[in-house]
Amino acid sequence: VAPGFIDVHAHIEGGIMERPTAENYILDGVTTVITGNCGSSADDLKQFFKEIDSIKTSINVASLVGHNTVRRLVMGLEDRKASAEEQSKMEALVVQAMKDGAVGLSTGLIYLPGMYGNTEEVVGLAKAAASQNGIYASHIRNEENKVVDAINEAIHIGKEASIPVQISHFKVSARANWGRSTETLKLIENARKLGYDVTIDQYPYTASSTNLGIRLPDWALSGGQEELVKRINDPQQHKKIIEGMLEQLHSYKYKDYSFAVVANHSADPSYNGKSITEINKLKGRKANIYQEAETILDIMKAGGAQMVYHGMNETDVQTFIKYPYNMIGADAGVPIPFKSLPHPRAYGTNARVLARYVREQKLITLEEAVRRMTSLAAQKFQLRDRGMLKESMAADIVVFDENTVTDKATFEKPHQYSVGFRYVVVNGELVVEEEKHLGVKSGKALMGIGKE
C-alpha cells in the first residue's frame, strides 16, 4: 500500500479533455500529474483548471506555465531577442499564471519559439515565477553533445532567480555521448553541495519521443510551418537545411536515420512504426543519408510527425535510476487506444521501474522507488497534501502486488496497460478495483501555493 504516484512530467493538455478517465495513468498507479512541461502549457491556465474540474477527471492535475506558450502569446514564433517591453509582458503573464494556480515555470529550449530566448530572458521569467514561490522545470537547451553547457545554464538560471530547479527527463542522448551519465550527474551533485535545490526526473527507457523538427537547424523553423515550407522550397535554403541536418547526424555519430521511428504522421498513418530509413526505401529512393534527409523534409512539408528516437544507452539509464534525487515522469499525454504508435512510456513507466529496476535488477529498493514517485515529487512541486499516507493528507492511494506488477507496453505494441495495480483511490474514492477502471472521475485541478 503506497501513496498515489505523482508523475512530475506530463503533457496531457488536449488528451485529457478527450479521455478524462486517463486509464494509461490510473492503471499505472498514477493519481496526480504535473503538466505544462517543456515550455508548453495551456494559454489560459485559469480556464484550463476550470475545464479540468468541469469535465471531471480520474487523475489530479497540476500545471506549470510554459515559456514557449508565453513567448508565442507576446512575440509569435520569430527568431529574435525580446524587447524590454516584451520581456515585461512575458513576466507579467508568468506572474498571472502563478496567481491562477501554476506550480512554476517550464522551458523547452529546443522547441519553437523558446529556442530563440536567451539565458537572460529565461532568468527574468524564472524570477517572476520565484516571486510567487514557484519552481523552474527545464527541458534543457541540449541533451546531446552540448549537454554539460545546457545543464550548467539551467543551474545558473536557478542561482540567478533564486528558484528551485527541476531538470526534465534527464538523459545523455546520441551515440557520441553514451557513458557521460556520471559526468552529468556530478554537475547536479556539485550544485546541491553548494546549497542549490536542483533535482531531476527520468523515464526508464533508452528511447525518447518528440517531434521530427528537432532534426532540422533551429533557424529553419522560425515563423512556423508556412515559413518552413517556403525555405524547403527555396533551392539555396533547402541545400543549407540539408547541410545542417547532416552535420548534426555526423556529430552524433549516426550512420543513418534508422534510429528515428515515426510514432504519428497524420498525413500518412502508414508511416507509423517505420523508421526514416525504411520510409526512404518505400519511396524508392537510394539508401543514403542525403536521400533520407530529403524524406524528412517531405514529412515536414506535410505537417511533421511525432517521433520515437532510439538514442540512449541502458547503462546511462541505470546510472540515473540509482540517483536519489531523481523522480519518475512518463513525459506522456493521454493517448487514444490503438491510434498511432506512441512511446510505451505513456502506459508503463511506473510499472517498469518497479518490475525491471526494483524487482529484477535490484538497483533500488521498493521503498526508495515509492519515495521518488510520491513524497519526493510532492515536496518538490509543493503539493502539500499529497505524497504521503497520514492523517490530514489527501486520500490518494495505490495498492499493488510488488511480485507481479509489470509493464506490458512495448515499442511495437504500446497500447497495453500495466498489470499489478489492484486498487487505486483518488481523493478518497475507489477508481480501480481488482485492476479494472470503474469509470470514477474523482480527480481535480491542484493549485500551486501562489494561487490567489
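**Entry: ground rules.** I work with a predicted model in which local features need pLDDT of at least 70 and side-chain atom pairs count only at pLDDT 80 or more, while totals for chains, interfaces and linings use all residues. Residues are numbered from 1 along each chain as its sequence is written, and side-chain values use heavy atoms, with hydrogens and water left out.

**Entry: helix H9.** I looked up which residues of helix H9 (residues 225–233) are buried, and they are Leu228, Arg231 and Ile232. Buried means under 20% relative accessible area, exposed means over 50%, and partly exposed lies in between (1.4 Å probe, protein chains only). Helices (H or I, at least four residues) and strands (E, at least two) are DSSP runs, numbered from the N terminus. Seen down the axis of H9, the buried residues fall within an arc of 100°, so they line one face of the helix. The arc is taken from the directions from the helix axis to the C-beta atoms. I then asked what covers these buried residues, and the cover includes helix H10 (235–251) and helix H12 (289–301).

**Entry: salt bridges.** How many salt bridges does the structure hold? I find 23. A salt bridge is a side-chain nitrogen of Lys or Arg within 4 Å of a carboxyl oxygen of Asp or Glu. Side chains of opposite charge can pair when their charged atoms come close.

**Entry: a pair within H5.** Glutamate 85 and lysine 89 form a salt bridge at 3.8 Å, N to O. They sit four residues apart in helix H5 (residues 84–99), so about one helical turn separates them. Glutamate 85 is exposed, at 54% relative accessibility, and lysine 89 is partly exposed, at 45%.

**Entry: a pair reaching H7.** Arginine 141 bridges to glutamate 153, with the closest N and O atoms 2.8 Å apart. This pair links distant parts of the chain, 12 residues apart: arginine 141 is in the loop between strand E7 (135–139) and helix H7 (147–161), and glutamate 153 is in helix H7. Arginine 141 is partly exposed at 26%, whereas glutamate 153 is buried at 11%.

**Entry: a pair reaching H12.** Aspartate 298 and arginine 285 form a salt bridge, the closest N and O atoms being 2.8 Å apart. I placed aspartate 298 in helix H12 and arginine 285 in the loop between helix H11 (276–282) and H12, 13 residues apart. Aspartate 298 is partly exposed at 27%, and arginine 285 is partly exposed at 27%.

**Entry: a network.** Last, I noted that Glu78, Arg80 and Glu86 are linked in a network of salt bridges.

Note on methods. Contact means heavy atoms within 4.5 Å.
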